Amino acid sequence: MIRFLTFLRPLLEATFAILVIVVGLRFITNFFSKNSKVYQPTFLRQFYLLFWPLLCLCVGLPFLLSFFYLGTLSAVELVLAMALGAVVLGFSVPSLVLHAQYYARNFSTTLVFDGKQNRLEVYEQRVRIPFSRADLVRVEYVTCVSRHVFWNKYEYLRLHLASGEALTVTSILTDLQPLAEFLRNTHLEQRQEWFCFL
């Protein structure tokens, strides 16, 4: 076990260093790029959404596993370990499930949105879905009830078209508040839920 940990530590340090370099370079290059009106699932957006859930898992799980590595646990230690595990998983798992669901839904979606130019377009696998504001029967905007949980940034807009088709745009693409504000006069229905499952 000791040899495994001595092997694992340099590997984790190298992975962390590479991650910091990649995120730092992406962060710096964003300062020099112009503000885009085209939104797709990007690395930085996913990192922004997953930062706190993954940090909670990375800090909480090794600490939790150290309880069981020490050997036999007393009843109090077992209760504390289970409470810590419930907190760590309770804060992280819903975010990871929502992220996977949103990513699967909008993996091949491109949103083109510019409120100043009155432009809203949705592309699925690079094919534009034709619609105008007049085609929108109603718009659902679903947000999280609590603003103090890790999954509060996961929200979605569902555009119901006159053709019967429904387009779903999730927060994996961008912050949806400006888009909801843009669509406020198109029968916008706002709803709050504890978990914004699709």
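1. Let me start at Arg126, which is exposed with a relative accessible area of 79% (exposed means over 50% relative accessible area, buried under 20%, partly exposed in between, with a 1.4 Å probe and protein chains only). Arg126 sits in the loop between strand 3 and strand 4 (127-129), and its phi is positive, about 65°, although it is not a glycine. Most residues other than glycine have a negative phi. Please keep in mind that this is a predicted model, where local features need pLDDT of at least 70 and side-chain atom pairs count only at pLDDT 80 or more, while totals for chains, interfaces and linings use all residues. Residues are numbered from 1 along each chain as its sequence is written, and side-chain values use heavy atoms, with hydrogens and water left out.

2. Asn118 also deserves a look. Its phi is positive, about 55°, although Asn118 is not a glycine. You will find Asn118 in the loop between strand 2 and strand 3, where it counts as exposed at 54% relative accessibility.

3. Now the overall layout. The protein has four helices and eight strands (DSSP runs, numbered from the N terminus: H or I over at least four residues for helices, E over at least two for strands). Reading from the N terminus, their order is α-β-α-α-β-β-β-β-β-β-α-β. Of the 198 residues, 34% are buried. Among contacts (heavy atoms within 4.5 Å) with a separation of 6 or more, 66% link residues 24 or more positions apart. The accessible surface is about 12800 Å², and carbon and sulfur atoms hold 66% of that (areas by the Shrake-Rupley method with a 1.4 Å probe; for residues, only the protein chains shown count as cover).

4. The largest nonpolar core contains 33 residues, and Leu111, Leu120, Phe131, Leu179 and Leu183 have the most contacts inside it (a core is a set of buried Ala, Val, Leu, Ile, Met, Phe, Trp, Tyr and Cys residues joined through side-chain atoms within 4.5 Å). Elements that give two or more residues to this core include helix 2 (43-69), helix 3 (75-106), strand 2 (109-114), strand 5 (136-144) and helix 4 (177-182). Strand 5 gives the largest share, five residues.

5. Setting aside neighbours within four places in sequence, Leu111 touches Lys37, Val38, Tyr39, Leu120, Glu121, Val122, Val169, Leu173, Thr174 and Leu179. Two of these partners, Leu120 and Leu179, are also named with Leu111 among the residues with the most contacts inside the core.

6. Is Glu140 buried or exposed? Glu140 is buried, at 9% relative accessible area. Its side chain makes a polar contact of 2.6 Å with the side chain of His160 and another of 2.8 Å with the side chain of Arg191 (N or O atoms within 3.5 Å; within protein, one must be able to donate a hydrogen and the other to accept it, and residues adjacent in sequence count only if both atoms are side-chain atoms). Beyond four places in sequence, Glu140 is in contact with Tyr156, Leu157, Arg158, His160, Glu189 and Arg191.

7. Glu140 belongs to the charge pairing too. There are seven salt bridges in the structure (a side-chain nitrogen of Lys or Arg within 4 Å of a carboxyl oxygen of Asp or Glu). In one of them, Glu140 pairs with Arg138 at 3.8 Å, N to O, and Arg138 is partly exposed at 29%. In another, Arg191 and Glu193 bring their closest N and O atoms to 3.0 Å; Arg191 is partly exposed at 32% and Glu193 likewise at 23%. Through shared partners, salt bridges join Arg138, Glu140, Glu189, Arg191 and Glu193 into one network.

8. Another pair is Arg184 and Glu181, whose side chains meet in a salt bridge of 3.5 Å, N to O. Arg184 is partly exposed at 48%, and Glu181 is partly exposed at 41%.

9. Leu89, Val93, Val97, Val145, Trp194, Phe195 and Phe197 make a nonpolar surface patch of about 600 Å² (patch residues have over 30% relative accessible area and no salt bridge; like charges are joined within 9 Å, nonpolar side chains of Val, Leu, Ile, Met, Phe, Trp and Tyr within 5 Å). Phe195 lies in the segment after strand 8 (188-193) and is partly exposed, with a relative accessible area of 34%.
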